[in-house]
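Have a look at it first, then read on.

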Number of protein chains: 2
Amino acid sequence: MAWNITRKDINKDKLLLNESLFAIGNGYIGVRGNFEEGYGDAHPSIRGTYINAFHDESKISYGEKLAGFPESQQKMLNVIEAQTIKLLIDGEELSLFDGEVIDYEQSLHFKEGYFKRKFHWRSPAGKEILVTIRRMTSFVRKELFAIEYFMEPLSHIDELTILSTIDGDVSNFVDDNDPRVASGHAKYLSVTDIKQEEELNMIISETQQSKLSVACVSSTELALANYDKEVHLSGTSIEEKYTVLFNKPVLFTKRNIYTDTLRHGDQLDKKGKSLHRQAKEKSFSELLEEQHSYLNEYWDTADIYIKGDPELQEGIRFNLFQLLQSVGKDSVSNIAAKGLSGEGYEGHYFWDSEIYIFPIFLMTNHEIARSLLLQRYSLLDSARERAKEVGHTKGALFPWRTITGKESSAFFPAGTAQYHISADIAYSYIKYFLVTNDMSFMEDYGAEVLFETARLWLDTGHFYQGTFRIDDVTGPDEYTCIVNNNYYTNAMAKYNLEWAAKIYNLLKENNKLSQLIKKIDLKEDEVADWARASEQMFLPYDEELGINAQDDTFLQKKVWDLKNTPKEKFPLLLHYHPLTLYRYQVCKQADTVLAHFLLDGISDMETVKNSYDYYEKVTTHDSSLSHCAFSVMASKLGYSEKAYKHFSDTARLDLNNLHGNTKDGLHMASMGGTWLAIVYGFAGLRIKESGLSFTPTLPQEWEALKFKIQYQQRLLMIELHSDTVTYTLEKGADLVIKHYDEEITLKTEQKTALEYHQSPMV
Amino acid sequence: MAWNITRKDINKDKLLLNESLFAIGNGYIGVRGNFEEGYGDAHPSIRGTYINAFHDESKISYGEKLAGFPESQQKMLNVIEAQTIKLLIDGEELSLFDGEVIDYEQSLHFKEGYFKRKFHWRSPAGKEILVTIRRMTSFVRKELFAIEYFMEPLSHIDELTILSTIDGDVSNFVDDNDPRVASGHAKYLSVTDIKQEEELNMIISETQQSKLSVACVSSTELALANYDKEVHLSGTSIEEKYTVLFNKPVLFTKRNIYTDTLRHGDQLDKKGKSLHRQAKEKSFSELLEEQHSYLNEYWDTADIYIKGDPELQEGIRFNLFQLLQSVGKDSVSNIAAKGLSGEGYEGHYFWDSEIYIFPIFLMTNHEIARSLLLQRYSLLDSARERAKEVGHTKGALFPWRTITGKESSAFFPAGTAQYHISADIAYSYIKYFLVTNDMSFMEDYGAEVLFETARLWLDTGHFYQGTFRIDDVTGPDEYTCIVNNNYYTNAMAKYNLEWAAKIYNLLKENNKLSQLIKKIDLKEDEVADWARASEQMFLPYDEELGINAQDDTFLQKKVWDLKNTPKEKFPLLLHYHPLTLYRYQVCKQADTVLAHFLLDGISDMETVKNSYDYYEKVTTHDSSLSHCAFSVMASKLGYSEKAYKHFSDTARLDLNNLHGNTKDGLHMASMGGTWLAIVYGFAGLRIKESGLSFTPTLPQEWEALKFKIQYQQRLLMIELHSDTVTYTLEKGADLVIKHYDEEITLKTEQKTALEYHQSPMV
């Protein structure tokens with residue numbers, strides 16, 4: 001039923017890959033799927049435990065530093081290591097790269113929420129042992145990372161030694177030659193306190209620049225009456241050594257509580273101990289029960305069921321599970337590009353959050369969605385400051401990549417220049433409003449974000465010959481940088497401006513609004529300008545091709561000869577100077593096509609279709625954010641085969657390591673894209689002021705598709721079969737939706753089954 | 001008569017500035033105008049001795065490193081220090097910041113070629129001394145840097161101690177916060193050998209990466225029968241200590257010979273000793289005689305005489321002297337942006353060489369001009385390699401900044417993207433050909449440069465709707481980067497392509513050409529494409545404004561509000577993020593206007609005038625390369641006041657420290673620009689296939705202007721008075737020139753006086 005992924009051997013070439021795939025996390029802590037005992041020196045490992053948003057700042061080195069370039073970069077840190085548990089049987093150290101592995105299985109369980117390894121090992125001296133390890137990071141107790149060892153002797157063994165360590169001497173991973181992972185030095189944390197008291201091991205470490213602290217409060221427990229125990233404290237680590245008579249199975253449990261300054265203030269140790277005490281009251285199995293029940297609730301709404309394709313089913317559930325594991329659930333954290341599964345992109349939050357991932361939570365879990373928006377709201381002051389730094393007189397410029405709000409992009413043409421992120425964030429507030437109808441949230445947070453981003457557009461663009469134009473920005477396509485009137489940017493800014501004016505007029509007489517107006521010194525004139533800029537927004541259109549041009553001059557450039565570019569030259573960004581890429585019609589990812597998806601109806605279908613046809617030919621999909629947008633739009637256009645092809649390229653991107661860099665972490669946006677390709681693509685969901693609409697088309701390869709969404713206090717289930725769709729309003733009041741061009745009223749707790757025709761368009 | 005600059009006091013705030021202004025050099029070595037005895041700890045100093053092109057490589061750090069970004073950067077090094085001479089009178093160390101300076105004068109002599117300091121000093125204990133110091137770097141013996149001390153006791157002094165040092169423990173200057181000077185670490189040289197033998201002190205040092213060596217062979221000489229002498233060798237320095245009875249004047253001479261791997265191969269010490277032996281045969285005064293006679297020859301052709309403005313006269317001679325001091329005269333060196341007077345721009349060669357400085361030598365000293373071209377020719381292989389690196393299939397892409405050919409720009413939007421440098425270099429070969437008629441040089445070197453650069457343009461641009469277009473490059477104006485169809489670039493490329501085809505057809509049947517064709521595998525088709533691309537080159541023109549647009553979209557952008565930009569915000573590049581600058585119509589420097597100057601006749605006069613008027617309003621002249629181009633074109637257009645104003649802003653730019661950063665070195669291109677503003681501006685010289693032409697207009701502020709130029713085995717003197725110009729053909733066969741629209745035949749050794757009218761145009 002595809003509720004887990006399993007590996008039955010140890011493929012040495014895939015150790016790093018599997019560390020990412022088998023990562024566990026809960027949005028707060030993430031732990032890579034490392035082996036507790038390590039690989040010895042035989043193989044490289046990226047051994048990591050991360051706390052979402054827990055970061056330090058490191059100085060950025062520039063060959064030439066210009067005005068407004070960020071001085072420093074934030075970086076999610078590898079925190080205190082608590083995974084390590086080593087076993088010795090009669091003095092021989094267990095290593096799966098020595099002796100013989102007779103049976104092996106590792107599995108990640110989506111419904112139960114744990115990672116398990118079970119193996120039968122024969123030592124070089126011939127001793128045999130069966131070990132079952134389960135580890136979890138609790139969704140219910142976010143600070144908890146627990147490990148359980150169950151060890152059975154399978155031959156005569158006198159003595160079992162268990163060495164369990166927590167270690168504050170940790171570094172981040174670096175690779176100077178890959179722009180997608182960090183370079184430079186790697187050690188940011190120093191131990192400021194280390195102690196053992198009342199059977200608790202505790203390390204507190206502090207960062208160099210951000211002066212944040214993290215504590216790990218850890219204990220171990222051996223379910224035996226008799227054992228020897230020694231404790232060894234060094235300056236940075238605590239090791240516990242248990243020695244037991246190994247004539248029967250032994251159960252060993254390690255509970256680690258992580259607290260940090262961002263969530264727990266100053267008294268990390270006190271809070272850590274208290275949380276630890278509570279966790280200690282539960283056995284590992286009881287902790288797993290809590291986990292299971294949390295996950296049951298998640299899956300109940302979020303699951304996507306596919307009949308007829310177990311591989312894709314596995315891919316989708318894996319993605320949905322990893323997204324839940326990675327997404328921040330408190331207002332100081334968001335979802336990093338690689339979640340908590342690795343260090344690629346340094347734990348930064350990008351537009352990926354809003355455009356690729358937010359929709360899932362928006363439609364299945366309002367609480368998480370709201371928390372994501374609150375995190376962005378907390379960056380608003382930084383964004384206002386950043387706007388000033390680069391030379392704007394007004395508005396908020398959200399950083400292209402950041403953790404707590406400071407721009408951390410060291411390459412502005414594909415970083416700061418991606419102004420669209422400000423519109424992307426505004427977009428998520430608008431969609432949240434449409435889905436939840438939560439006017440109070442709009443008043444408290446959304447309006448300010450919409451107004452300040454609208455101001456940014458006014459200050460960035462200008463009126464020219466009856467149009468509003470935005471010069472020198474970069475759109476989503478990073479192979480075409482610093483252009484005028486990027487279609488995506490202009491279209492999203494138009495929406496941003498329109499809604500800023502709309503919300504202003506809606507809330508005009510409202511008391512909270514007048515406070516906000518005072519706070520940000522907003523003038524009525526400005527709002528009129530927003531409306532005018534939105535109306536007059538210049539959206540490039542090419543008469544001859546009948547498409548929206550990606551920017552003012554994209555279509556005048558040479559077309560890159562993709563057919564004759566050797567395979568090993570992809571991704572192009574690793575092989576061609578950016579200027580060379582910029583000079584051609586070649587796209588890293590969906591740009592205009594993405595705008596056509598997000599802003600349904602902005603262009604007529606003929607233009608949308610022509611644009612899709614045109615851009616598909618010049619797009620490399622070198623970005624993992626691309627296929628899903630093409631899949632959605634292929635569905636829309638009735639290109640069912642293409643829709644399916646683009647979808648399947650994204651659904652198992654990490655599981656099949658299609659980009660070759662999953663070792664650095666999972667591609668969260670692509671995972672979110674899977675969901676988009678299904679819900680917005682195959683089912684054709686769109687959310688507008690006028691309500692929900694669907695244009696379902698089930699891929700021929702499948703027998704059925706089923707998923708649920710939440711909408712304005714309702715829960716809907718949508719089931720697609722080859723020619724029929726069934727809408728079930730599981731909860732909430734009657735709702736009028738659009739099914740293709742037809743208005744349908746869904747009745748509370750009733751099913752509505754409708755026929756449809758595949759490929760409506762082409 | 002303004003043949004020197006003089007300072008009669010020690011202004012502590014101008015010490016660093018004066019170090020640059022009083023720098024001496026000969027194109028090979030340069031020594032900043034530091035005080036031999038130093039400033040003590042009281043004041044910062046940039047103490048430097050440089051050898052043109054002598055460099056190391058340092059790794060470039062990037063926050064994000066993309067494909068084709070240079071790994072490392074070349075950097076001209078501060079080499080072995082040999083300036084230091086300290087005096088003690090009766091044990092008191094002479095420092096001009098202690099005791100009392102009764103009289104002081106320092107002067108740089110343009111005709112004699114030395115730097116002199118003369119001062120009367122009273123020590124804290126009341127002892128008085130008169131010291132006269134002269135130093136020179138010989139134009140005749142390029143390896144020689146000599147210092148002469150003449151010391152007279154003016155009160156009773158028993159003992160004079162002279163401490164003379166050579167020191168291998170040297171570093172470069174760094175400033176992390178100014179993109180115009182180096183950042184990062186600063187120590188590149190390590191002493192590999194240090195010894196004293198036969199009264200010679202010798203240090204050999206080696207660089208870390210480039211593995212170049214430099215030797216300093218030094219000796220001192222005291223013109224006295226009796227003295228005590230001690231020598232002290234440390235691991236990196238040699239100090240000589242002379243103690244003498246100070247009852248009469250003492251003459252002390254120090255001769256330092258610098259040899260390096262680039263010019264002297266392996267046997268640096270042997271060559272150094274031999275050169276030193278030769279230098280030792282001459283007294284300091286004899287060395288100065290050689291110097292004087294070399295300079296007489298230089299000034300005989302190069303001098304520009306202005307009657308009626310001593311300040312500007314001083315400025316111009318200063319510039320011409322410093323240019324000669326800085327320009328490389330061997331085929332491994334060129335002229336660095338700051339010459340040999342400081343470390344700004346790290347000793348790199350830019351397009352400054354070709355466009356701003358080369359013309360002076362082209363018209364006054366063919367030997368130097370030829371040597372500059374040979375140096376560029378030696379970079380051709382690197383340029384071919386660089387073209388491949390960034391993704392071209394053919395052609396040569398000259399690096400934006402380099403010493404020996406490797407791209408050393410760490411910021412590509414205003415670095416590598418300035419493709420025009422390849423056309424600028426080609427341009428200088430064409431002009432050399434027109435001025436010298438040297439077909440053999442064209443065959444041996446010029447043709448290959450023209451062909452490979454023409455290939456670059458074909459590979460960079462493309463044919464589109466009947467035009468040839470060049471996308472994603474940066475023109476001279478660094479406030480507008482990465483644009484399509486930059487007017488300057490396209491216009492220069494057009495000329496490049498036209499001449500490549502022309503030279504090919506001219507040499508078609510030639511034997512050397514067929515070797516070249518084989519060598520670079522040139523096809524006849526390519527040449528046809530060059531001609532076609534040149535003919536069809538797209539040159540942006542705006543119908544409404546009647547001007548050439550700087551690029552495809554420049555004129556659609558917002559106009560920067562220069563009037564309301566506070567003074568302290570200039571130069572803008574230090575205060576605004578590049579994206580903000582790119583988004584506006586605001587220019588750092590002449591771009592289209594420069595093209596109109598260099599490619600006389602490319603646009604009709606109406607367009608040229610409109611363009612000048614338009615761009616002048618949006619140009620900040622934040623680059624020191626700007627005013628001179630505006631001055632030239634103002635002259636052309638009859639804007640005499642503007643021409644004079646722009647000229648005077650450039651002629652004393654360093655003397656008046658107008659950009660505030662002369663401490664980092666002199667602005668060589670601006671100095672060259674002074675000459676351009678006079679010869680191409682006021683005198684209106686143009687050099688075309690059809691010959692020379694002049695459109696003289698003397699500034700009202702002056703009574704007369706006089707200068708000489710060489711042209712096709714001839715020497716011409718041009719004298720301007722308020723209404724007349726006199727052309728004298730001092731040497732060579734009769735010549736037809738154009739004086740305004742009139743064809744005039746100049747007769748050998750005859751004067752031709754003609755009347756003209758000021759302000760012919762406006």
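A charge is said to sit over a ring if NZ of Lys or CZ of Arg is within 6 Å of the ring centre and within 35 degrees of the ring normal. Keep in mind that this is a predicted model. In it, R583(B) lies over the face of Y419(A), at 4.6 Å from the ring centre. A second example is found within chain B, where the charged end of R117(B) sits over the ring of F35(B), 4.2 Å from its centre.

**How the chains meet**

How are chain A and chain B related? A rotation of 180°, with 0.0 Å of shift along its axis, superposes chain A on chain B with an RMSD of 0.0 Å. The two copies are therefore related as by a two-fold rotation axis. Both copies use the same surface, since 100% of the contact residues of chain A recur in chain B.

The contact takes 58 residues from chain A and 58 residues from chain B. About 4800 Å² is buried between the two chains, and carbon and sulfur atoms give 53% of that area. Which three residues supply more than any other three of the area that chain A buries against chain B? They are E64(A), H577(A) and R583(A), which together supply 15%.

**Aromatic pairs**

Over all chains, the structure holds 94 aromatic pairs. In one of them, the rings of F139(A) and Y294(A) have their centres 4.9 Å apart and their planes at 0°, so the pair is stacked. This pair links distant parts of the chain, with the partners 155 residues apart: F139(A) belongs to the loop between β10 (128-137) and β11 (144-153) of chain A, and Y294(A) to helix α4 (residues 284-302) of chain A.

In another pair, F463(B) and F468(B) have ring centres 4.9 Å apart, but here the planes are at 65°, so the pair is edge-to-face.

| Residue | Relative accessible area | Class |
|---|---|---|
| F139(A) | 9% | buried |
| Y294(A) | 24% | partly exposed |
| F463(B) | 28% | partly exposed |
| F468(B) | 0% | buried |

Ring pairs also build a cluster, which links Y345(A), F350(A), W351(A), Y356(A), W400(A) and Y488(A).

**The nonpolar core**

In soluble globular proteins, nonpolar side chains tend to be buried together. The largest nonpolar core here has 470 residues, and F451(A) and F451(B) touch the most other members. Leaving aside neighbours within four places in sequence, F451(B) is in contact with A500(B), I503(B), Y504(B), L513(B), L516(B), I520(B), L522(B) and W530(B).

H596(B) is found in helix α15 (residues 592-598) of chain B. Is H596(B) buried or exposed? H596(B) counts as buried because its relative accessibility is 3%, and the cut-off for buried is under 20%. Beyond its neighbours within four places in sequence, H596(B) is in contact with Y487(B), N548(B), I602(B), S603(B), T607(B), V608(B), S611(B) and M633(B).

G347(B) is found in the loop between α5 (310-326) and α6 (352-364) of chain B. With a relative accessible area of 4%, G347(B) is buried too. Apart from neighbours within four places in sequence, G347(B) is in contact with M76(B), A336(B) and I403(B). G347(B) and D228(B) are 119 residues apart in sequence, and their C-alpha atoms are 41 Å apart in space.

Note on methods. Residues numbered from 1 in each chain as written. Chains lettered and ligands numbered in written order. Predicted model: local features only at pLDDT ≥ 70, side-chain atom pairs only at ≥ 80, totals over all residues. Heavy atoms only, no water. Helix = DSSP H or I, 4+ residues; strand = E, 2+ residues; numbered from the N terminus. Buried < 20%, exposed > 50% of the residue type's maximum accessible area, 1.4 Å probe, protein only. Contact = heavy atoms within 4.5 Å. Least-squares fit on C-alpha atoms with pLDDT ≥ 70 in both. Phe/Tyr/Trp six-rings, centres within 6.5 Å; stacked < 30°, edge-to-face > 60°. Core = buried A, V, L, I, M, F, W, Y, C linked by side-chain atoms within 4.5 Å. Buried area = accessible area lost by both parts, 1.4 Å probe.
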